Amino acid sequence: MNDEPMKKDDPAESLRPEYDFTSLSGGVRGKYAAQYRRGTNLARLDPDVAEAFDSDRAVNDALRALLEVALRQRRTTS
């Protein structure tokens with residue numbers, strides 16, 4: 001068995017030669033992050049829950065049905 005530490009590949013060396021990043025300049029990291037967050041509402045599903053749904057629409061339909069039941073329940077108890 002080899003006891004040498006694993007060598008980390010240098011990302012710059014693993015890029016294809018046709019990728020020329022020298023022409024890119026002035027980029028701003030996260031420039032549109034706040035704008036994206038304002039217009040996006042993402043929910044990460046646990047794998048076991050995601051398995052039960054085959055599409056985004058199926059998740060939305062199930063949540064709408066649950067909301068309808070909850071609202072109906074709230075009206076009858078109020």
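I looked up arginine 57 to begin with, and in this predicted model its side chain is exposed, with a relative accessible area of 63%; I take buried as under 20% relative accessible area, exposed as over 50% and partly exposed as in between, with a 1.4 Å probe and protein chains only. I note that residues are numbered from 1 along each chain as its sequence is written, that side-chain values use heavy atoms, with hydrogens and water left out, and that local features need pLDDT of at least 70, side-chain atom pairs count only at pLDDT 80 or more, and totals for chains, interfaces and linings use all residues.

**Salt bridges**

I then asked which residue meets the side chain of arginine 57 in a salt bridge. The partner is aspartate 61, at 3.9 Å from N to O, where a salt bridge is a side-chain nitrogen of Lys or Arg within 4 Å of a carboxyl oxygen of Asp or Glu. Both residues lie in helix α4, four residues apart, about one turn of the helix; helices here are DSSP runs of H or I with at least four residues, strands are runs of E with at least two, and both are numbered from the N terminus. Aspartate 61 counts as partly exposed, at 40% relative accessibility.

Next I checked glutamate 68 and arginine 72, whose side chains meet in a salt bridge at 2.8 Å from N to O. They are separated by about one helical turn because they stand four residues apart in helix α4. Glutamate 68 is partly exposed at 46% relative accessibility, and arginine 72 is partly exposed at 43%. Salt bridges that share partners join Arg57, Asp61 and Arg64 into one network. I count four salt bridges in the structure.

**Largest pocket**

I looked up the largest pocket, which holds about 220 Å³ of space. On a 1 Å grid over the protein atoms alone, a pocket is an open set of points where a 1.4 Å probe fits, with protein on both sides within 12 Å along at least five of seven lines, and lining residues have an atom within 4 Å of a point. Its lining includes Asn41, Leu45, Phe53, Ser55, Asp56 and Leu63, and the largest share, four residues, comes from helix α4 (residues 56-77). I sorted the lining residues into seven nonpolar, three polar and one charged, where Ala, Val, Leu, Ile, Met, Phe, Trp, Tyr, Cys and Pro count as nonpolar, Asp, Glu, Lys and Arg as charged, and the others, Gly among them, as polar.

Serine 55, one of the lining residues, lies in the loop between α3 (47-50) and α4 and is partly exposed, with a relative accessible area of 32%. A polar atom of its side chain lies 3.1 Å from the backbone nitrogen of alanine 58.

The mean pLDDT, the predictor's confidence in each residue from 0 to 100, is 84, and 85% of the residues reach 70 or more. Confidence is lowest in helix α1 (residues 11-14), at a mean of 68, and highest in α3, at 96.

Definitions and conventions:
Grid points are joined across faces, edges and corners, and a volume is the space filled by probe spheres set on the points. A polar contact is a pair of N or O atoms within 3.5 Å; within protein, one must be able to donate a hydrogen and the other to accept it, and residues adjacent in sequence count only if both atoms are side-chain atoms.
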